[in-house]
Amino acid sequence: MDTFVATLLIVICSVFLYESWDLPPGTFEPLGSGPIPQTICVLIIAMCVYVIVRAWRRDAQIISDPDPVPAAEAPEPPRPLNAIIVLAGTVIYILAMALHILPFWLATMVLVFSLIAILSGFNRKSMMIGALLGVLMGAGCQYLFTQIFYVDLPGS
Amino acid sequence: MTELITALGVVFSPMPFLFIVVGVVLGIVVGAIPGLTGAMLIALTLPLTFFMVPVEAIILLIAMYVGAISGGLITATLLRMPGTPAAVMTTFDGYPMARAGHPGRALGLGIGASFVGGMVSWTALFLLAKPLSIIATRFGPFEYFALIMMAMVLIASVSEGSLVKGLIAGLLGMLISMPGVDPSSGMPRLTWDWYMLNGGLKLLPVLIGVFAVSQILSDLMEMNQKIQKVEMSRKGIFMSLDDWRKQAFNLIRSSVIGTGVGILPGIGASIGSVIAYTAAKNMSKTPEKFGKGSEEGIVSSEAANNATVGGALIPLISMGIPGSVIDAILIGALTIHSIQPGPTLFTTNADIVWAMIAACLVANIVMFIFMTTFVGHLSKVMYMPRLYVLPVVLIFCVIGSFALNNTMFDVWTMVAFGILGLFLEKARYPLGPFVIGFVLAPLGEAKLRSGLMMTDGDITPVFTRPLAASFTVIAVILLVYPFYSEWQQKRKADLG
């Protein structure tokens, strides 16, 4: 994870560094727009390289000197699939409203119900609660935000 | 004093008082639900305050802040899961004591200590905020720049995980705040010729993404974790006079530590409670009881974490520097309501400042009464299944991001920063420095560039002006010391 995130940050900073290269120098003040983001990018890249090297050295040490966790003490493994499902559902939800395919209230009902149904493994009781919560969130938020708080909602 | 009495009059009028009660209750409830944090609640509430009177909006947010820090105690004691990061140290002794059959006493000690911590830090806030703001008005651009740099290094050096990762997170936050129209030249910068970026990335979607969406995704990944819970009983919920007497010194010491840590820019409640807990353990006659249900442990942790609230408001009010992550969000709230945080706040918006100070006091009292009375009912809230809570919070995240400018760009920004926040968190990068870097970078850059304009490009005043030089020296020490300490330990180990 260390190597992956540090590499991701190096890529992000490289994009910023490339974009900041053509910024014009200051006319009314000595510094200009570019030097500060450039300095920050260089510092982040340098520190990310350090993190990557440290992670590699640590990994090499673990391979040569393994210290296994006893099975009884090992924590439950995380479930990244849950996060991926919710993230995908959210992206579809936002797209549906951004493209005016569904209004807010309907998109919300569908999202809340489907997320609870999927995450509960299509448990009947949870799906009933999910349907109720979906209606409550869709209709309730639509009324609360548009009629009481006067806040515009996406998809409307 | 007159200003405070006037502000108390405002706070006790029906609507503001209602907001205080609602804010404290919501804060406690959110603090008690594992996975939901005060920062998340306040970031999500911010859009609802757009149409409120600024004083009422700020009062509501302050009340939530006080409530959220306190609510974490319940979960820490009964579930061994800190409801908020600030309550981590409470789990060490609160849970063992509850497990030994005294949950009411563990909670009672925590609530009493939280109240005292809150009151001590409020006193410091009342006494120090104005004098400090007067001193801060004398700061020139170089002093401000050096102070911000010191705050950044301080946040990075005391955040969880390594110093390097803290620094990377802080710098990344600074970098993300750069796109948009350059305030000095008026020209677009780092926008990739995309008009949506001309206004820059807004604080609210970034905050909601980093603190709420990433937390939801992270919680979803760990939904299968088994929790160890203890049955609730109210027996011993009130501290006796003997308890107060026995814990008096610990209470005061921990509260002072919490307040002091809170005042330091950018350091939140978690660090305050760690330091106070360590101090209590080192000075205790029975250090062996720590971690096994020590009363001193619960008291020190809870007094300190609540004390950081008032302490952290001091640099916010007097200098416009956030004392913690939640304070960074409060700075955003002030800005959204067209109030410029900084040393002149006492002169330009005295009513708001005094209302904040009064709200902090009243919220602390409301928190004490509410927690003592309803702790039994509150303990049921934390068993609310995350399966139902998380999708609901997600909907509020979308609404909150959209409501800022009625644009889907902000919603996509929120999603992007949710993913980035998740990656950062999983790789153990602290998120606090990221947000504080994002908030402070524009101010730091503006001060540096205006300073350089004044001196025709000469940066030496950062090292020659007394205050600026002091801040720079502290920053350098903070930066170098962890590496020096690590090198020394390595050397000792090699010699050994």
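## Helix α3 of chain A

Helix α3(A) buries A:N82, A:A83, A:V86, A:G89, A:T90, A:Y93, A:I94, A:A96 and A:M97. These residues sit on the same side of α3(A), because they cover an arc of only 160° around its axis. The opposite face, turned away from the buried side, carries exposed residues: A:L81, A:I84 and A:I92. The model is a predicted one.

The helix runs over residues 80-98 of chain A, 19 residues in total. From first C-alpha to last it reaches 27 Å. That is close to the 27 Å expected at 1.5 Å a residue.

## Domains of chain A

Chain A splits into two domains. Domain 1 covers 2-67, and domain 2 covers 80-148. Their centres, taken over C-alpha atoms, are separated by 38 Å.

## The second largest pocket

How much space lies in the second largest pocket? The volume is about 1,000 Å³. A set of 39 residues lines this pocket. Nearest its centre lie B:T335, B:F438, B:V439, B:P442 and B:L443.

Several elements of chain B give two or more residues to the lining: β1 (180-181), α9 (203-221), α13 (325-336), α16 (386-405) and α18 (431-454). Which of the elements supplies the largest share of the lining? It is α18(B), with 9 residues. By residue class, the lining divides into 22 nonpolar, 12 polar and 5 charged.

## Positive phi outside glycine

A:F122 is not a glycine, yet it has a positive phi of about 60°. Its place is the loop between α4 (104-119) and α5 (124-148) of chain A. Is A:F122 buried or exposed? A:F122 counts as exposed, because its relative accessibility is 55% and the cut-off for exposed is over 50%.

In chain B, B:S338 has a positive phi near 60°, and this residue is other than glycine. B:S338 lies in the loop between α13 and α14 (345-348) of chain B. Its relative accessible area is 70%, so B:S338 is exposed. Helix α13, at one end of that loop, is also among the elements that give two or more residues to the lining of the second largest pocket.

Methods
Residues numbered from 1 in each chain as written. Chains lettered and ligands numbered in written order. Predicted model: local features only at pLDDT ≥ 70, side-chain atom pairs only at ≥ 80, totals over all residues. Heavy atoms only, no water. Domains from an automatic or database assignment. 1 Å grid on protein atoms, 1.4 Å probe; cavity = no way out; pocket = protein on both sides within 12 Å on 5 of 7 lines; lining within 4 Å. Points joined across faces, edges and corners; volume = space filled by probe spheres on them. Helix = DSSP H or I, 4+ residues; strand = E, 2+ residues; numbered from the N terminus. Nonpolar A, V, L, I, M, F, W, Y, C, P; charged D, E, K, R; others polar. Expected span 1.5 Å × (residues − 1). Buried < 20%, exposed > 50% of the residue type's maximum accessible area, 1.4 Å probe, protein only. Arc of directions from axis to C-beta.
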